[in-house]
Amino acid sequence: MNFIQDGHHLITALNRYHAESENRAVPVIRQQRIRQLHRELNLAGFIKEGGLTGSAFNNFIARYLENTTKLHHPGYLAHQVGAPHPTGALGSLIDGFTNNAMAIYEMGPAAAAIEFFMINYLLEKAGWTPMPEQADKRLSFPHGAGVLTHGGSLANMTALLIARNHLDATIRNDGTPGDLVLLAPESSHYSISKAAGIIGIGESNVIKLPTDSCGRIDIKGLEPAIRTARQTGKRIVALTANACCTGTGLYDPIDDIARFCNENKIWFHVDGAHGASALFSDTHKHRLNGIEKADSFIIDAHKMLRTPTVCAALLVKNAAALDRAFEHTANYLFHDKKQPGFDFISQVIECTKAGLGLKFFMAFAGLGEQKMAHYIDRCFELTRQAYHYINGQPDFFVPCPPQSNILCFRIDGTDERQLAIRDALIASGRYYISSTEMVGQRYLRIVVISPATDIKTIQGLVEQIRKVHQSFSQ
Ligand SMILES: *Cc1c(COP(=O)(O)O)cnc(C)c1O
């Protein structure tokens, strides 16, 4: 193979891809049949013969890029995975090539040092004390800690595992006695109940906290919920809140909940996978007021922070709780050694871990903190404008004003009609939107996350929805 030539071609192709996506020269989404793609990409042939280089490589890349979903396209309004910054994407390439499994420092000093730095950067954003750089100073004073994980679901599970072991240190060895519960709003991301199932709380022991008509935790419901749990002899592992909710983009009242949890000595976990990125915005960080009183929170860098998938951070206020949560026995990895850095391996579920911090850092470093904040502000502001525009249409209904870059709405018609409209939009290749259910009703849902989206995109979307709707009604 010719690495330089193939690499050069690849970067050129990606650069064109970026421009064509932003300029709408290509459809935002195009879904061919899986068999067709197997053939078009010549998968069986390459596996057998190899030779993925030169013109075969170029051809393969062209076919591959044709059949991707274009996150940089202005009509990409469906999901929360963001359009990565090109510098961050180069981080993925470097990490893939160097393959430094940095969970032990000696297997990737640069990657481990960057992860450590990024964790401390996030700890400071939350108002928590960063980790000391010298390993022998760890836990010599109260400070926060954290790890990067392969995604928010794993970060949530890690947080709940720490909370569980904090509640009862014997469980790790003895198993769960069956008296554990978790308190969470119905509107939680499904990874919360999934984690409850995995770590032995049990999905049916997730007590649904009462919410308002927009799915936000109703603070008045907290007291009765814990009273009932405690009267029936249950032990509360944690209370989780959304910052923000995946479906609606709305923030639970973090400050009030934090105060309540502190008073009642309950581990408070904030699922900030999507919306904790508001911490970087002076305009919107007030949504996270009170996060300093939480015990743990997570944030996905691959959503609002222009970082390639996957990269999530789990942060805890009390490093000792994280340290105690995991036990390490692999004696080829855990032994006394002269340690110029820090081994993350004793803090995570994974063993081999990618250098997630590199692409996270590089996305930030490519843009700079101020432009990152500006990007977040712009997405949030555009969503507010979209709200006013859509709310002003007589045939559309918007249930709640947005607090982030996620907006739910519907056009007059049945639930099935909303879904049929979404399917038609996707088939057109012009707009890619999602759909969600809220308080028993089906909504169309947009996430304003592509830097190329503007208010004209939203106006065009509304027009297109109306057109599709009318064509169905004829
Ligand atoms: C996206 C999301 C998750 C899951 O994160 P992954 O990185 O997709 O695993 C969890 N919670 C919330 C609130 C989310 O929006």
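1. A charge sits over a ring if NZ of Lys or CZ of Arg is within 6 Å of the ring centre and within 35 degrees of the ring normal. By that rule, R306 lies over the face of Y375, 5.2 Å from the ring centre. Likewise, K353 has its charged end over the ring of F344, at 5.7 Å from the centre.

2. A word on the source: this is a predicted model, where local features need pLDDT of at least 70 and side-chain atom pairs count only at pLDDT 80 or more, while totals for chains, interfaces and linings use all residues. Residues are numbered from 1 along each chain as its sequence is written, and side-chain values use heavy atoms, with hydrogens and water left out.

3. Now to the rings: the structure holds 13 aromatic pairs (Phe, Tyr or Trp rings, the six-membered one for Trp, with centres within 6.5 Å; planes under 30 degrees apart are stacked, over 60 edge-to-face, the rest tilted). Y76 and Y432 are a tilted pair, because their centres are 6.1 Å apart and their planes stand at 45 degrees. Y76 belongs to strand 1 (residues 76-77) and Y432 to strand 11 (residues 432-438), so the pair ties together parts 356 residues apart in sequence. Strands here are DSSP runs (E, at least two residues), numbered from the N terminus.

4. Are these two tyrosines buried or exposed? Y76 counts as buried at 2% relative accessibility, and Y432 counts as buried at 13% (buried is under 20% relative accessible area, exposed over 50%, partly exposed in between; 1.4 Å probe, protein chains only).

5. Finally, one aromatic cluster is formed by Y121, F280, F360 and F364.

Technical notes:
Helix = DSSP H or I, 4+ residues; strand = E, 2+ residues; numbered from the N terminus.
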